[in-house]
Amino acid sequence: MSLTETASSPAATTDVPQLGHWIDGALRASTSGRTAPVFNPATGAVQAEVGLADQAEIDEAIASAQRGFEAWSGYSIAKRQGVLFAFRELLNSRKGELAEIITREHGKVLSDAMGEILRGQEVVELATGFPHLIKGAFSENASNGIDVYSLKQPLGVVGVISPFNFPAMVPMWFFPIAIAAGNAVVLKPSEKDPSAALWLAELWKEAGLPDGVFTVLQGDKLAVDGLLTSPVVQSISFVGSTPIAQYIYETASKHGKRVQALGGAKNHMLVLPDADLDLVADQAVNAGYGAAGERCMAISVVLAVEPVADELIEKITERIGRLRIGNGAGTDGVEPDMGPLITDVHRDKVSSYVDIAEADGARVVVDGRGYTVDGHDDGFFFGPTLLDQVPTTSRAYTEEIFGPVLSVVRVASYDEGLDLINSGQFGNGTAIFTNDGGAARRFQNEVQVGMIGINVPIPVPVAYHSFGGWKQSLFGDAKAYGVHGFDFFTREKAVTSRWLDPATHGGINLGFPQN
Ligand code: NAD
């Protein structure tokens, strides 16, 4: 399918394809006159421009979604389920197209793009079982002749605002459940990789979803603020960096909305001396450098409980030497292990963190600064980087880097490692590597983090559990997907009902109802 053919924009500043919105079941060119470049990070070329919505476009998108909601919420459960199954089948059979789009705009390698689609598809599969999860409860004869039951109804128009690093999976954490429950979704994807959302919109149309139930509103802060302040939008689901997550939470709450706002991370791997160091080195490399470290569940700090640090660093260094870095789409049929970063600006920011660590006294064991790939001189590449003895006062330790930079911090004991994890501002994910079941059990109890791996480095929960961190990694009290997702996207009513007849009618009584 072509995402640009009907979306030529008067705002075009070059002859690159123009990407617009998806409103009322069709591509809609942006007329705002504002655009952002969409790069191919492997080549550095601007391959498209995306329109950035103005207020008129925001209003149009939300009004269309409201009409979509009014139609969709009247569909029977069976009909809604039919559309979800059709969407799942189309996604499963055509996911290769989506993976190529993700790699072209994000840069991650194709197999990794496929991985994120499959994790999103899991949520679609969960959502197909929605009738069971929104059916409420019934208590017959709670008092004489009185039945009490609950209804779970959709909220209405719901907003989803997503980050660049998972352009398909993160929206799919939310929209399958929201739509299954009878809501209409307005998705504001990242302006850095906006095409995956448009592809998913076309797929919904093919699956039979009525127009207006899934809308893609391209844009920046203006579009986000439009969703946060609109009286029509009932809830906001956000994933992105912590400062923006906090802003989203505060602003949307002030405007009376439900909010789930997932923020940034700094995930630690605690390695106890009894762990299998070959396993640990493999997993540290996979979790540190996969997707070039642009994952909110990436491992960015290895806490090595001495005396294992030197041996572990040697093993990680040897593995880094075997990594292939290149165009995520592959060259000559060979897929690399790691692609580029999202933009040159972000690459330079990652590089500056390595400068900071070095200036603060860290040892640069493997240096990815200035990394180039043959034939891709203008690509946004940064080589895998390994730092040792990073001071825990350095900003390179306390802040999220979001790049292929793994920091080793040496600690003397389990307790010292635990204290470091618990004293950080984030609480997204963490992992312990050990063969000691008692230590692992203690860790899961004592660590102040939302998602924990035991000999598993990237513990992203399956779809029927819920995803979310603690502290500055999650604002609000609802996690993504699982039971939390169904609760978030439905509003409950409790009905107390009595069918009057002369025998049970108690006459006049001004007292408070008792059972
Ligand atoms: P970001 O915060 O820059 O952007 C996220 C979304 O917010 C985008 O749609 C963007 O257009 C919008 N936005 C950006 N600035 C804004 C502003 N000033 N006002 C209103 N809206 C604004 O994040 P990103 O760089 O796209 O993504 C990377 C971040 O996301 C990392 O911090 C990563 O840890 C985090 N992340 C977290 C999770 C999680 O589950 N906790 C998952 C994925 C990514």
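Alanine 292 lies in the loop between helix 9 (277-289) and strand 14. Helices (H or I, at least four residues) and strands (E, at least two) are DSSP runs, numbered from the N terminus. Phi of alanine 292 is near 55°, a positive value in a residue that is not glycine. Alanine 292 counts as buried because it has 36 C-beta neighbours inside 10 Å. A residue is buried if 20 or more other C-beta atoms lie within 10 Å of its own, exposed if 12 or fewer, and partly exposed in between, with C-beta atoms placed from the backbone.

This is a predicted model, in which local features need pLDDT of at least 70 and side-chain atom pairs count only at pLDDT 80 or more, while totals for chains, interfaces and linings use all residues. Residues are numbered from 1 along each chain as its sequence is written.

**Other backbone features**

- Tyrosine 481 also has a positive phi, about 50°, although it is not a glycine.
- The loop between strand 22 (474-475) and helix 15 (482-488) holds tyrosine 481.
- Tyrosine 481 is buried, because 26 other C-beta atoms lie within 10 Å.
- Glutamate 306 and proline 307 are joined by a cis peptide bond, with omega about 25°.
- Proline 307 sits in the loop between strand 14 (299-305) and helix 10 (309-320).

**The whole chain**

- The protein chain has 15 helices and 23 strands.
- Its radius of gyration is 25 Å, close to the 24 Å that the globule rule gives for 515 residues, so the protein chain is as compact as a globular protein of that length. The radius is taken over C-alpha atoms, and the rule is 2.2 Å times the number of residues to the power 0.38.
- Along the principal axes, the C-alpha atoms of the protein chain fill a box of roughly 85 × 60 × 40 Å.
- Of the 515 residues in the protein chain, 52% are buried.
- Among contacts between residues at least 6 apart in sequence, 70% join residues at least 24 apart. Two residues are in contact if their C-beta atoms, placed from the backbone, lie within 7 Å.

**Two domains**

- The domain assignment of the protein chain gives domain 1 (18-263 + 473-494) and domain 2 (267-454). Such bounds come from an automatic or database domain assignment.
- The C-alpha centres of domain 1 and domain 2 lie 31 Å apart.
- Domain 1 gives 19 residues to the contact and domain 2 gives 26 residues.
- On the side of domain 1 that touches domain 2, helix 2 (77-106) and helix 3 (110-128) each supply at least two residues.
- That side of domain 1 has 7 nonpolar, 8 polar and 4 charged residues. Ala, Val, Leu, Ile, Met, Phe, Trp, Tyr, Cys and Pro count as nonpolar, Asp, Glu, Lys and Arg as charged, and the others, Gly among them, as polar.

**Helix 3**

- Helix 3 has 19 residues and reaches 27 Å from its first C-alpha to its last, close to the 27 Å expected at 1.5 Å a residue. The expected span is 1.5 Å times one less than the number of residues.
- The buried residues of helix 3 include Leu110, Ala113, Ile117, Val124 and Ala127.
- These buried residues pack against helix 2, helix 4 (130-133) and helix 5 (169-180).

**The ligand**

- Domain 1 and domain 2 both give residues to the shell around the ligand, so the ligand lies between them.
- Among the 27 residues around the ligand, Pro163, Gly240, Ser241, Gly264 and Cys296 come nearest. A residue is near a molecule if its C-beta atom, placed from the backbone, lies within 6 Å of it.
- The shell has 12 nonpolar, 10 polar and 5 charged residues.
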